Amino acid sequence: MSEELRHVDPNTIHESISERAGHEPTVVGVLLAAGGSSRFGERNKLLAEIDGEPLVRRAARTLLDSRVSRVVAVLGHQSSTVSDALADFDVAFVANDAYERGLSTSVERGARVAADGDADAAIFLPGDMPFVESATVDLLVDCFAGGVADAVAATYEGQRGNPVLFGADHFDALCVVEGDVGGRDILLDDGVLLDTDDAGVVTDIDTQDDLERVR
């Protein structure tokens with residue numbers, strides 16, 4: 001589906017930012033950490049460790065070390081255990097009791113938090129993506145701040161991945177999506193793809209084999 005969307009070069013973003021200097025948007029970082037890890041086995045994959053640190057902590061740090069205004073973690077499956085793993089981080093928590101109905105329910109919770117806080121945009125990052133660089137999150141913020149687009153997904157070598165940014169104009173639509181697609185349809189209708197050199201944007205951990213491979 002990547003071919004259907006316009007690709008954006010990061011250099012173009014920097015030129016746009018220089019023309020629109022002075023406005024730093026309010027962007028909420030939404031950590032999607034509610035899923036049941038059904039493909040991973042009995043363990044919660046978000047608590048599996050790489051170099052002694054749970055996946056969800058590594059993903060949270062990606063957002064915390066970026067220029068997002070604040071970070072909200074959407075919790076569901078084993079919520080207390082996951083929140084314990086993030087207890088010393090500056091992260092707010094929101095419950096998703098409907099997480100078994102799919103990713104869209106967590107996206108909806110995150111979008112509502114962003115809307116209630118009058119945020120300009122929200123960036124969604126799955127908690128099972130431990131290798132995304134904070135600089136990539138900042139590029140998404142710059143893409144939005146520079147007026148390039150208000151729906152942006154990071155890519156690597158032409159492959160669409162995460163995180164994904166949606167401007168406030170899309171919050172209402174994000175609150176009514178269903179299933180496991182999140183905001184994909186909105187992105188395909190109105191979005192652009194931001195080319196990066198960050199392989200982490202296409203590296204998620206779904207299975208035990210995935211974990212062993214990245215280790």
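A residue counts as buried at under 20% relative accessible area, as exposed over 50%, and as partly exposed in between, with a 1.4 Å probe and protein chains only. By that rule Phe 166, at 3% relative accessibility, is buried. The model is predicted, so local features need pLDDT of at least 70 and side-chain atom pairs pLDDT 80 or more, while totals for chains, interfaces and linings use all residues. Residues are numbered from 1 along each chain as its sequence is written, and side-chain values use heavy atoms, without hydrogens and water.

Start with strand E2, residues 27–33. Helices (H or I, at least four residues) and strands (E, at least two) are DSSP runs, numbered from the N terminus. Seven of the seven residues of E2 are buried, so the rest of the structure largely encloses this strand. Val 27, Gly 29, Leu 31 and Ala 33 cover one side; Val 28, Val 30 and Leu 32 cover the other.

E2 has pairing partners, where pairing takes at least two DSSP bridges between two strands. Strand E7 (residues 121–126) runs parallel to E2 over six bridges. There, Val 30 stands opposite Phe 124. Strand E5 (residues 70–75) is also parallel to E2, again with six bridges. Here Gly 29 faces Val 71.

Phe 124 leads on to Phe 166. Rings of Phe, Tyr and Trp (its six-membered ring) pair if their centres lie within 6.5 Å; planes under 30 degrees apart are stacked, over 60 edge-to-face, and the rest tilted. The whole structure holds one aromatic pair. The ring centres of Phe 124 and Phe 166 are 6.1 Å apart and the planes stand at 65 degrees, so the pair is edge-to-face. It links E7 to strand E9 (residues 159–167), with the two residues 42 apart in the chain. Phe 124 is buried too, at 4% relative accessible area.

Now helix H2, residues 55–64. Eight of its ten residues are buried, among them Leu 55, Val 56 and Arg 57. Arg 57 also lies over the face of Phe 89, 4.2 Å from the ring centre; the criterion is NZ of Lys or CZ of Arg within 6 Å of the centre and within 35 degrees of the ring normal.

Last, the interior. A nonpolar core joins buried Ala, Val, Leu, Ile, Met, Phe, Trp, Tyr and Cys residues through side-chain atoms within 4.5 Å. The largest has 38 residues, and Leu 31, Val 56, Ile 123 and Val 152 touch the most other members. Elements giving two or more residues include E2, H2, E5 and E7. Helix H5 gives the largest share, six residues. A second, separate core has 26 residues, including Val 74 and Phe 171.
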